[in-house]
Structure formats: structure tokens, C-alpha cells
Amino acid sequence: MSSLENLSREDRTFPPSPEFAAQANATAALYDEAAADRLGFWAKQAEYLHWDKKWDQVLDWKPPFAKWFIGGKLNASYNCLDRHVLEGRGDRVAFYFEGEPGDARAITYAQMLHDVKKATNALIELGVKSGDRVAIYMPMIPEAAVAMLACARIGALHSVVFGGFSADSLITRINDADATLVITADGGFRKGAAFALKPIIDEALAMEPNNVRNVLVFKRTGQEVPFNSAIDIWWHDIVDRQSAEHTAEFFDAEHPLFILYTSGTTGKPKGIFHTTGGYLTQTSFTHRMVFDIKPEKDVYWCTADIGWITGHSYVVYGPLINGTTQVMYEGTPDTPTKGRIFEIVEKYKVTILYTAPTLIRTWMKWGEEFPKAHNLTSLRLLGSVGEPINPEAWIWYRDVIGGGKCPIVDTWWQTETGALMISPLPGVTACKPGSAMRALPGISAQVVNDEAVALGNGSGGYLVLTEPWPSMLRGIWGSDERYQETYWSRFEGKYFAGDGAKLDEDGAIWLLGRVDDVMLVSGHNISTTEVESSLVSHPNVAEAAVVGATDAMTGQAIVAFVILRGGIPSVGGDELIKDLKAHVSKHIGPIARPSRILVVNELPKTRSGKIMRRLLRDVAENRAVGDSTTLADPHVMKLIQSGLASSTSDD
């Protein structure tokens, strides 16, 4: 893993100001408390939730299967809404919603509870019951959170699919979860125009046999969409007439809460499923401590879509459990202007902003004029999520967006971990720009070598987790064997995250990205196998190899090398390249669209036929090609290099 040694030393440190430390939720004592009694520590955090029945046992650990808070009963929706209303916080704003066209709503906790109860009763009328799976495919609007909480209220598992995924990706997820209901919208607004979602649902359901009985459609844009009265139902026709009374049912702590799909190295998405008690415990604890939430004062904004785990844990469950007031924005950061995000921060006096390095680097590219045109002095804490942030972007974020005074929490975690795992604690940690610093209290992480030996400071290797944690995935939906093989087979008894990491001389953790065949593009996992399969499904492509190349804006860019079928001309192929990119966008979704595609005559293969992707990555990143002596034809790499030099990438 020589590439893990290429990290330059970062000696700058930024301790918290005395003023911030004096008011911080977190103290250094949390680390000692968790180290002295890890299970007792997590039991204490679970006490912040409302339990209808307290647990009998904190943890049952039969590696790699965990059960947390055994015997306890609770309801996720009740913890997010009912208890705030019952305890007198119903008038507090839960969401300031800002639509891309400029429409705005302030939705209180009482209103959210009213809406969720009505939606719950609609689900019951549609025959949804505990244990059923419901697919949600919606724009970033409050009704998406309402739909999630309505499912949780009756013990149905929600499976949210990001609204940018294609019909192919959608039906794969619907059928893997065996969903019986799909909740969607006619469409949403993005980049100044309405886009359609309902037709993609129709296309997906027509592709393969499925068990979907109904499609519940929220009218967001008012555009004309196909409507099949046999299964389609307008949200306003069924939800609006429901009673606003519903008593939440309490479920076992290990009752499944949701399934969320993430890319796998085999190409088939993995249905990561999380249960209730442990997940809610860790998401609410980490949200409270890492973001230093003061729910009576703060206006918090996580810019993630609910189609991703960040939106689940740090838009819906963590913040609502903590009674937070937050911003939800439907659209894109540059519509109608490049100052849109800063305009919203100023409008709602946002105090905490949690976003992705891709967006931070985009702001840097656009220039300081846009943030400086707005009053951002309300901000007191900044967060970063999705991928490692480079030190230059970290400093720019702190100085330009945070006015040089805001602590930055650079967070590492995954769909699989459910909640934050490695992060500074604001008010406690002296941060190094670009480092997530250390594992949070109650979390056990190591950097190990190929033999699973824990490494000391100044060494690079593989990031592993050595003890179970409350919000950990409980498996891959429908496949315990795949769960064990994917996460627990590389290093015996240790969860392998798939990421490389380095410990610097001071013991700070530096995340170095994926080490397997999953690319991290703008914070989202994309499988190389999935993109390759999509390319080969094009009638003109015989073979394809895909790599993730380091990219200053997106973290990694997707670079594809394709061999065309016999008789397909490769010269003057700009239109073909555009067609191939569009094909991948349609097959998987725009997020998987390759940045560059190079037509080649051969791929670098060993004598046994294995494609040497590391050599293709060398070429894609414009560096000297590594050892190619094991190739069946070493001259292939020279031809590929000369071809890439003349290719073009996206604007």
C-alpha cells in the first residue's frame, strides 16, 4: 500500500476557542468514561430516548451479529415528534423548507406530527403493516421525511432511493426489498426547471415482475404525469381526508427501521439494514455532541439529500430526536445564483452548516465574492462529510465561510456504520486541517497492515473497527453470507471499512479513500463493476474497465476504458462517447456518468486474464505507470497512454 505513504505532513493545529469550549456539550471526560465502561457509556446515551419498556441487556454480540438494548421497546416516530409535542415543544419549528422556485414553509413539530399521523393512517388504509417494505422516491421536500416517519410509526421499513437514480436502479432496489408500496412525487425542481419522477417509477415497474400494489404520488410540481387509477393514488386524495389521530406502536429495539442501498464490489447494490434502538441512540448522541446542538437556539442545516445515509441520520432521525430546528432546501447550490446557499444561511440565520467537500471546492472555484455578498456571521460551527477534505479546502471553509472563528468537524462514517464514527469533538479537539482526528467516545478503530497487526503512529494501512457499535448495520438484506464475506472476511473478528487510513506522528487519523473496487465520487459510493456492466450492455461495447481517478473537484472522477465490438469505427467517435456517457446515466443515474471514456484496442491484462486496474489508474492520473512486467502484452500501456493524452473530459 505504498500510496498510503504519500500524505504530506500537516502541522497546523486549530484548538477550540476558550469561549466555544466553555459552552460546548462535549468534554474530554467523555473519552475516559467510554473507555472505562463502554457498554455503560452507550446505555447512558440510550437514556436520552423515550423507551416504552427499558432494555434487559445492553449488548448480545455473536460476531459478526450484534443486538443492542435487548428487550427494550420504543418507536422512532414517537421519539422524533410525539414526545416534543407532549413536553411543550410543539410550537418549535422543525423545518424551514425552502423550495428551489422560492416557495417557503415553516413547519413546527406539532404540524409535522399532525402530517405524519395522517400519512400513517393512509398507509394503514393501503394495507401497509409492520415488517412490510415501502420504497420512497421523492425530491428533497418535507413530505419525504413525513413518509419515512409514517413508515416508522407502524413498523414498516422504508427504503429510500435517491431521486437521481434511473428506472433500472430503482426496480433492482424495489425487488430486492420486495416493496409493496412506492411513495413518490410527480417531480421536483432542480436547476430552474421541473423534473419528473413519476414516469421513472412507471418505467421501473414495467421492467420486471414485482409485488408493488400501490404508488402514492405527492403533487409537487403540477406537471402532467401518467396516472394509472388501478394502482396510482394522489397523496392529497387519500392523506388529506385521514384522521389526525394515531397512537404510535412500540417495537422491539432490534425491529428493522430501514433498508438503504449502497454500491457493492460485485456490481449488485447491497441492501444495508438498520434496526431501531441502537441506531437512534448513536445518531442522536453524535448529533448532539459533534454538532454541539443547542436546540433552543440553533438553526442547523445539513445539505444532504434524504436519499443518502447522511440525510437519514442527520436530517431526519438525529436532529428531530434532539428537537432541532433545521433548514431543508430542495434545489441546487447555483440556482438561481451561485450565492443561493449563502442567501439561505443569511435568511434563516443558520448557526451550524454540514456539507460535502465537493461543494466546498466548488465554492472555492466560484470565488469569495458569493459568500462575501451575504451576512454569514450567524454561523458558529461547520461540518464536512462524504469524503476526505483536503487541507486547502478546510482552511478556505474556515476562513471564508466561517469567518475564521468556527470549529470544523470533519466526519468519517458510512451507510454501514449508521452514524458518525471518527470526528473531532468541538470544544475539545485541536484540529488539523484535513484530518478526522480520532474515533469518537465508545468507538474502537485501528489502522492495521495486511496481517491485521495494529500499526503505530506514522504508518499507513487499512481502517478497521474492532468492537460492535450501537448504530452498526445488522446485515445485508436477505444475505447473511454476503454480509460476512463483504465486511468481516478480510481481517478475522474485525469490521473492514474498505478505506485506507494513516496515523500521523501525533496519532491523528487521516482517511485516504477506498482501497477496493468502489469509487468515491462527490461523496457517493459508485461500484466500478456496476459502471463496467452498464457500458458493456451498450450494443457497441465489447469490454470495459473503469477506475476512479483523483479529481480536485469531486474527490474521484470516473474514467472508463472501452473496447468496441468488431466493425464499430473508433475514429471520430465523439458522438459515440457522448452516447456511452448518456447510456450510463440512463442505466444507473447521472451520478455514475463517466468523466472520461477512452476507446482502446486492448486492456492491460495479466497472462491469467486479470485486468490490471492499478495501471489504468496510473494512466488516468497522469503519472508514471507502475510495474507492467506481468502483463501478457506490456506494450498495451504505451498505446493507452498516447490515446488518453488526446481524449477530452467533461467540462
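What covers the buried residues of helix H18? In this predicted model, the covering elements include helix H17 (528-536), strand E28 (541-551), strand E29 (555-564) and strand E30 (596-599).

Helix H18 runs over residues 574-587. Its 14 residues, at 1.5 Å a residue, should span 20 Å, and the C-alpha atoms at its ends are 20 Å apart, so expectation and model agree. The buried residues in H18 are Leu 576, Ile 577, Leu 580, Lys 581, Val 584 and Ser 585. In an α-helix there are 3.6 residues a turn, so residues three or four places apart point the same way. Just after H18, Gly 589 adopts a positive phi of about 145°.

A hairpin is formed by strands E26 and E27, with 2 residues between them. The two strands pair in the antiparallel sense over 4 bridges, and Val 518 stands opposite Ser 527 in E27. From strand E26, Val 518 and Leu 520 point one way, while Met 519 and Val 521 point the other way; all are buried. In the turn, Ser 522 has a positive phi of about 50°.

The nonpolar cores may now be described. The largest has 117 residues, and those with the most contacts inside it are Ile 183, Phe 291 and Tyr 317. Helix H6 (residues 142-153) gives the most to this core, with 9 residues.

| Core | Number of residues | Residues include |
|---|---|---|
| Largest nonpolar core | 117 residues | Ile 183, Phe 291, Tyr 317 |

Key: Residues numbered from 1 in each chain as written. Predicted model: local features only at pLDDT ≥ 70, side-chain atom pairs only at ≥ 80, totals over all residues. Heavy atoms only, no water. Expected span 1.5 Å × (residues − 1). Buried < 20%, exposed > 50% of the residue type's maximum accessible area, 1.4 Å probe, protein only. Contact = heavy atoms within 4.5 Å. Pairing = 2+ DSSP bridges. Core = buried A, V, L, I, M, F, W, Y, C linked by side-chain atoms within 4.5 Å.
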